[in-house]
Amino acid sequence: MKAKKSGGLGSMVGIIAAFLILCVILAIASDKFVSYSNFMSILKQTPFNALLAIGMLFCLITAGIDLSVGANATFCACLMGMLVQKGVTNSLILIIAGLAAGTVIGLINGTLLTRLHLPHPFVSTLGMKNFLWGAALLVTGSQMIGGFPKGVMALGSATVGGFPVSFIVVVILYIVLHIVLTRTAFGRSVYCAGGNMEATRLSGINSANVLTACYVLSGFMAALAGIVSIGRSGICNGTNAIQPYDTDAIASCVLGGASFMGGKGTMIGTMIGALIISTLRNGFTLLSIDSAIQNMVLGLVIILAVLLDVMREQMAARSRRLAAAAAAAKN
């Protein structure tokens, strides 16, 4: 247990060091990086991806994945846009409609995996991503829609003491869900399901309900991210459903210590990972780096993070074998 905690602490120190090194490099590369306005810009850019990363983290801990999070966020925003076009101006109704749609989509993803037994969530969520892309274009007539009421715009545009409200909400959510993952029976069940599904079942935990709950949470967070995106841009656009938002969310989680093999990942690490991705994209903009190069770099970041995770797993397995051999030799 001590070794596990030590490894987790070492991983956390490593990602914080990587974040600080990135900031130093960008500060040297651009004189515009170290400024209050740019710092606020990074905080405004972070919430959308950070919200998607919450749901992605829960899915990754269970050894799953949700490739539909970005398309889900866009579809929920477009659904709200369609309602605005039809004359709905009540902010509460619009927000409830968006959150309900995202949550139902998450429930469908979870049901496809646990009740209809599709082989892997990669298949079902990739199919859902393409379905939602088409649905987002359909409900908006392939047009950008604006004119949202102030109540809907507030989450993504309002500030308190200069800090974006959306970032404050994200911090609160991360604290609450950190407690859920580390201090509740549900959190232990999530980690258990990702570590060993059969052992989870034999211990009396309803693994199907745990998995479904994780995808429902992912859908809800995607919808919340969609509302944030409306406040940031003032519009909804169905073509954004095909954007690689899911890639940024995966990168945030993996950089933060999550593993595709399941059973690992923390809210704190994921938050720092989301800040790294936002800072990287901010630096790309400041340095006028082509979008193609940006995607290549982010792809390499994910590959490197996964490679480091595999190497850590191999080293941990080797340590366990050596410890077992030493214990057997003593006996």
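These legends go with a set of close-up views of a predicted model.

The model is predicted, so local features need pLDDT of at least 70 and side-chain atom pairs count only at pLDDT 80 or more, while totals for chains, interfaces and linings use all residues. Residues are numbered from 1 along each chain as its sequence is written, and side-chain values use heavy atoms, with hydrogens and water left out.

View 1. Helices (H or I, at least four residues) and strands (E, at least two) are DSSP runs, numbered from the N terminus. Helix α7 takes in residues 165-183, and its end C-alpha atoms sit 27 Å apart, in agreement with the 27 Å that its 19 residues should span at 1.5 Å a residue. That expected span is 1.5 Å times one less than the number of residues in the helix. Ser 166, Phe 167, Val 170, Tyr 174, Leu 177 and Leu 181 are buried in α7. Here buried means under 20% relative accessible area, exposed means over 50%, and partly exposed is in between (1.4 Å probe, protein chains only). Look down the axis of α7 and the buried residues fall within an arc of 90°, so they line one face of the helix; the arc is that of the directions from the helix axis to the C-beta atoms. As a reminder, an α-helix has 3.6 residues a turn, so residues three or four places apart point the same way. On the face of α7 turned away from the buried side, look for the exposed residues Ile 172 and Arg 183. The cover over the buried residues of α7 includes α2 (36-61), α6 (150-157), β2 (163-164), α8 (185-195), α10 (207-233) and α12 (267-286), with contact meaning heavy atoms within 4.5 Å.

**View 2. Helix α2 and its bend.** At Pro 47, α2 bends by about 35°; this is the angle between axes fitted to the seven residues ending there and the seven starting there. End to end, the C-alpha atoms of α2 are 36 Å apart, which agrees with the 38 Å that its 26 residues should span at 1.5 Å a residue. Of those 26 residues, 20 are buried, so α2 is largely enclosed by the rest of the structure. Just after α2 comes Ala 63, with a positive phi of about 70°.

**View 3. The aromatic pair between α2 and α11.** The structure holds one aromatic pair. Phe 48 belongs to helix α2 and Tyr 245 to helix α11 (residues 245-255), so the pair ties together parts that are 197 residues apart in sequence. For the cut-offs, rings of Phe, Tyr and Trp (its six-membered ring) pair if their centres lie within 6.5 Å; planes under 30 degrees apart count as stacked, over 60 as edge-to-face and the rest as tilted. Phe 48 is buried at 10% relative accessible area, whereas Tyr 245 is partly exposed at 22%.

View 4. Eight of the eleven residues of α11 are buried, so the helix is largely enclosed by the rest of the structure. Among the buried ones in α11 are Asp 246, Asp 248 and Cys 253. Covering the buried residues of α11 are elements including α2, α3 (69-85), α5 (121-140), α12 and α13 (291-330). Thr 74, in helix α3, is buried with a relative accessible area of 7%. Leaving aside neighbours within four places in sequence, Thr 74 is in contact with residues including Asn 237, Asn 240 and Tyr 245. Just after α11, Gly 257 has a positive phi of about 110°.

**View 5. Cysteines without a disulfide.** How many disulfides are there? The count is zero, a disulfide being a pair of cysteine sulfur atoms within 2.5 Å. The closest cysteine sulfur to that of Cys 214 is in Cys 59, 6.2 Å away and too far for a bond. For Cys 253, the nearest cysteine sulfur is that of Cys 59, at 9.1 Å. Cys 214 is buried at 0% relative accessibility, and Cys 253 is buried with a relative accessible area of 0%.

**View 6. Two loop residues with positive phi.** His 117, in the loop between α4 (91-114) and α5, has a phi near 55°, a positive value in a residue other than glycine. His 117 is exposed, at 60% relative accessibility. In the loop between α5 and α6 sits Ser 142, not a glycine either, with a positive phi of about 60°. Ser 142 counts as partly exposed at 49% relative accessibility.
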